[in-house]
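Here are my notes for a reader who is meeting this structure for the first time. Please keep the model open while going through the points.

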Amino acid sequence: MMELGKYAGAVIGSYAASVALIVALVALSIWKGARVKRALSEVEARAETAKAEKKNG
């Protein structure tokens, strides 16, 4: 393992902060993707309903 010397705290802290930010961004992307998918499904369902109502008169 490499020797970090007196900068060990700063280096490890920087790595930890970077990993935490990457994990947060991935989680946020997954969460927003699920929200958009749900909203798109609702819009598509409304479009299908409107299409069926228009067809049936």
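1. Is isoleucine 22 buried or exposed? Isoleucine 22 counts as exposed because its relative accessibility is 52%, where exposed means over 50% relative accessible area, buried under 20% and partly exposed in between, with a 1.4 Å probe and protein chains only.

2. This is a predicted model, in which local features need pLDDT of at least 70 and side-chain atom pairs count only at pLDDT 80 or more, while totals for chains, interfaces and linings use all residues. Residues are numbered from 1 along each chain as its sequence is written, and side-chain values use heavy atoms, leaving out hydrogens and water.

3. The protein has 1 helix and 0 strands (DSSP runs, H or I of at least four residues for helices and E of at least two for strands, numbered from the N terminus). Its radius of gyration, taken over C-alpha atoms, is 24 Å, well over the 10 Å that the globule rule gives for 57 residues, so the protein is more spread out than a compact globule; that rule is 2.2 Å times the number of residues to the power 0.38. The C-alpha trace spans about 80 × 15 × 5 Å along its principal axes, and 0% of the 57 residues count as buried.

4. Helix H1 covers residues 8–56 and contains isoleucine 22; alanine 20 also has its place in helix H1. Alanine 20 is partly exposed, at a relative accessible area of 46%, and its C-alpha atom is separated by 23 Å from that of lysine 6, 14 residues apart along the chain.
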